[in-house]
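Please read the points alongside the sequence and coordinates.

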Amino acid sequence: MTLRVSWVVTSIVLSVCAAVAETPPDACVKCHEKEAAPEHVSVHFREQVTCVSCHGGDSAATEKEKSHAGQVRKIARAEVPALCAKCHSDVRLMNPYGIATDQFAQYQTSRHGLKLAEGDQDVATCADCHGAHGIRKVKDPESPVFPKNVPATCARCHADADLMKRHGLKSNAPKDYGESVHAKLLEKGDLSAPTCITCHGNHGATPPGVRDIIHVCGKCHVKEQELFSQTKHFALTEKGEFQSCVTCHRNHLIRTKQEDIRKSCKLCHGDETDPARIRFTSIFATIRGAEALFQGAKDRVQRLGHAGIPVDEEEALLEEAKTGVLRLAPMQHTLDESKVLATAQEAEATISEINRRLDGKERAESWKKKSILPIWGFLLGMAGLFWLKLGRIKKEAA
Ligand code: HEC
Ligand code: HEC
Ligand code: HEC
Ligand code: HEC
Ligand code: HEC
Ligand code: HEC
Ligand code: HEC
Ligand code: HEC
Ligand code: HEC
């Protein structure tokens with residue numbers, strides 16, 4: 001019994017020692033410093049996945065011939081996914097780490113995986129995205145698949161014009177994405193912004209189909225999706241004749257300004273006299289009008305605040321109006337003039353109320369200023385009289 005307990009304790013101690021060992025046990029590293037160099041970051045080495053786990057060979061031998069032992073393998077690109085899957089598709093092996101086991105299965109359905117299976121050596125394998133040596137945890141900010149590093153990882157191939165041309169693809173996705181509102185957010189460290197894999201998936205990397213796009217964008221822009229679903233464009237999307245959000249906003253270099261978005265209308269709506277486009281122009285006249293009124297009121301509240309007039313109540317109303325004005329841009333996705341107009345009128349009513357109150361305050365203020373003048377006049381007059389009187393008293397005394 002005691003013997004058993006001490007055996008258990010010893011084996012725990014031994015395994016802990018092995019786990020914290022800084023260097024991998026393989027003698028291979030004696031000659032292969034390059035591959036072993038980032039050992040301190042390798043999630044594999046820490047878990048005793050070492051050179052021989054992937055390449056074979058004799059881990060104890062120190063001479064090349066014995067070490068390679070006729071079995072050390074160079075790993076061909078086509079072999080990589082199956083090699084990684086040996087462990088990563090094994091539920092029993094991965095469970096203790098809480099790591100999913102579907103990467104290989106998904107990969108095989110992606111364009112990358114399908115093409116690799118056809119013998120195409122250009123596509124991404126597991127090692128192109130994660131590295132082969134010094135593989136880091138995906139949550140490690142230095143990992144090539146950490147959100148802010150993903151665009152650069154994909155760009156290694158997807159910005160290569162010759163490589164992409166060979167496959168009938170354009171090479172501008174990384175550059176276009178890089179200039180988008182989404183990339184700007186990501187650069188600021190905002191992880192709520194989409195990277196390439198948010199829209200394309202990581203292991204199942206495929207271009208979203210026409211019908212999927214709405215779900216891709218709508219995952220985050222829920223309100224816009226809901227309002228867009230009320231339009232005829234949505235019905236066309238269902239039939240595959242309209243690319244939902246992407247028709248107007250594009251996929252990578254997102255258009256954000258109404259003036260730019262308009263460029264896509266003429267594809268189907270002819271010239272500026274098309275009723276649909278007239279309606280659109282009118283919707284935007286309403287929105288820009290409300291925005292201008294809001295800005296005017298905001299400037300006025302600030303000006304009076306600086307002049308020392310109390311404007312707390314007006315500032316609260318301004319917040320209310322702001323909420324209304326901010327609802328206009330999402331609301332125009334319905335393409336329904338009356339809904340936009342109703343929202344605009346609500347905000348404009350609040351703005352009128354603010355202006356009405358400010359008019360009152362300004363009037364009171366100017367009265368105050370005016371009533372001060374006679375008081376000063378009276379005081380100055382009194383001071384003058386007093387001075388004259390004082391002079392006369394002094395003269396009389398002399
Ligand atoms: C005594 C030095 C030495 C040791 C120990 C050693 N290697 Fe090598 N290995 C070399 C040299 C030199 C080359 C490059 C020349 C060649 O291709 O044979 C090489 C090449 C390789 C290659 C590329 C094979 C190819 O066909 O291009 C792999 C993979 C490799 N070694 C893995 C290992 C592994 C795994 C171990 C440990 C089990 C190991 N090596 C131990 C010296 C060593
Ligand atoms: C998780 C699996 C894995 C482990 C562990 C691993 N390698 Fe590799 N190694 C690979 C893969 C995959 C490639 C091919 C890289 C590629 O395709 O980009 C490779 C390439 C190599 C090459 C270059 C061979 C060539 O293609 O010219 C050498 C040398 C090598 N590994 C040695 C080592 C040594 C030494 C260790 C231990 C320190 C080690 N590897 C650990 C998977 C592994
Ligand atoms: C096109 C690039 C790409 C390829 C190819 C790729 N991965 Fe990944 N992988 C990623 C990205 C990106 C993430 C991180 C996903 C995230 O942040 O949610 C990831 C995450 C992972 C994780 C962590 C998952 C978890 O549940 O924590 C593992 C393990 C993994 N990949 C293994 C593999 C294996 C094995 C292969 C090959 C069969 C592979 N990957 C191929 C990009 C790739
Ligand atoms: C011999 C088994 C084995 C092989 C082969 C293997 N791995 Fe792993 N891998 C593991 C284990 C075990 C872990 C968990 C380590 C941990 O989380 O501490 C792991 C972790 C990872 C992680 C980190 C996941 C996370 O939690 O962020 C990635 C990424 C990864 N492996 C990619 C690969 C790639 C790519 C290959 C092929 C080139 C590969 N692995 C081959 C056993 C293996
Ligand atoms: C090692 C190079 C390489 C890397 C890295 C790579 N790809 Fe690819 N990818 C390719 C090649 C080559 C193709 C074209 C395959 C074909 O002929 O259909 C492709 C195809 C695609 C497609 C399908 C496009 C279409 O319409 O056919 C998507 C989507 C894609 N990759 C996304 C990504 C994403 C996202 C990443 C980064 C997480 C990435 N790729 C990383 C080489 C790569
Ligand atoms: C906000 C979502 C989103 C992001 C982020 C995104 N894409 Fe796309 N991507 C799409 C959509 C949607 C399509 C399909 C467009 C179409 O069919 O016209 C697409 C198409 C593609 C295609 C195939 C079409 C082609 O010829 O260009 C590739 C390759 C691609 N994207 C790569 C990338 C890469 C690489 C990144 C990161 C640098 C990225 N994408 C970021 C949504 C996105
Ligand atoms: C992972 C979440 C996510 C996905 C997916 C996503 N976005 Fe975004 N997007 C954001 C965030 C966060 C912002 C910045 C905050 C905001 O304005 O909503 C943003 C901003 C925008 C803006 C600019 C808003 C402004 O205030 O000017 C537009 C337009 C946009 N996205 C369109 C799209 C389109 C089209 C798609 C699909 C092709 C898409 N987004 C996919 C998260 C996402
Ligand atoms: C791919 C073709 C296509 C593009 C691009 C397109 N539309 Fe349409 N749109 C249609 C069709 C088809 C209808 C339905 C016409 C009908 O039923 O009379 C429609 C209907 C409309 C309507 C009436 C909506 C309703 O719910 O009744 C408006 C407004 C409109 N479009 C505005 C625009 C604007 C603005 C743009 C550019 C930003 C645009 N469309 C781009 C095809 C398109
Ligand atoms: C018919 C063209 C059209 C379609 C389709 C469209 N949008 Fe818009 N979107 C616009 C216009 C126009 C603006 C306002 C730009 C401005 O204020 O100058 C806008 C603004 C936005 C904004 C920023 C303002 C806000 O709502 O916060 C987001 C985010 C957005 N759209 C997302 C989407 C998403 C997601 C989809 C698909 C579900 C989509 N849009 C479909 C034309 C469109």
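1. The count of salt bridges comes to 19, a salt bridge being a side-chain nitrogen of Lys or Arg within 4 Å of a carboxyl oxygen of Asp or Glu. This is a predicted model, in which local features need pLDDT of at least 70 and side-chain atom pairs count only at pLDDT 80 or more, while totals for chains, interfaces and linings use all residues. Residues are numbered from 1 along each chain as its sequence is written, chains are lettered from A and ligands numbered from 1 in the order in which they are written, and side-chain values use heavy atoms, with hydrogens and water left out.

2. Asp260 and Lys263 form a salt bridge, at 3.4 Å from N to O. Asp260 is partly exposed at 28% relative accessibility, and Lys263 is likewise partly exposed at 48%. Here buried means under 20% relative accessible area, exposed over 50%, and partly exposed in between, with a 1.4 Å probe and protein chains only.

3. A salt bridge also joins Glu346 to Arg327, at 3.9 Å from N to O. This pair links distant parts of the chain, 19 residues apart: Glu346 belongs to helix 25 (residues 337-397), whereas Arg327 sits in the loop between helix 23 (312-326) and helix 24 (328-331). Helices (H or I, at least four residues) are DSSP runs, numbered from the N terminus. Arg327 is partly exposed, at 40% relative accessibility.

4. Within helix 25, Glu353 and Arg356 are 3 residues apart, which means a separation of about one helical turn. Their salt bridge has its closest N and O atoms 3.2 Å apart. Glu353 is partly exposed, with a relative accessible area of 23%, and Arg356 is exposed, with 54%. Both belong to a network of salt bridges that links Glu313, Glu353, Arg356 and Arg357.

5. Which residues come nearest to ligand 2? Of the 15 residues around ligand 2, these are Cys51, Cys54, His55, Lys74 and His133; a residue counts as near if one of its heavy atoms lies within 4 Å. A polar side-chain atom of His55 lies 2.8 Å from a nitrogen atom of ligand 2, and a polar side-chain atom of His133 also lies 2.8 Å from a nitrogen atom of ligand 2.

6. Helix 2 (33-36), helix 3 (43-46) and helix 4 (51-55) each supply at least two residues of the shell around ligand 2. Helix 4 gives the most, with 3 residues.

Methods: A polar contact is a pair of N or O atoms within 3.5 Å; within protein, one must be able to donate a hydrogen and the other to accept it, and residues adjacent in sequence count only if both atoms are side-chain atoms.
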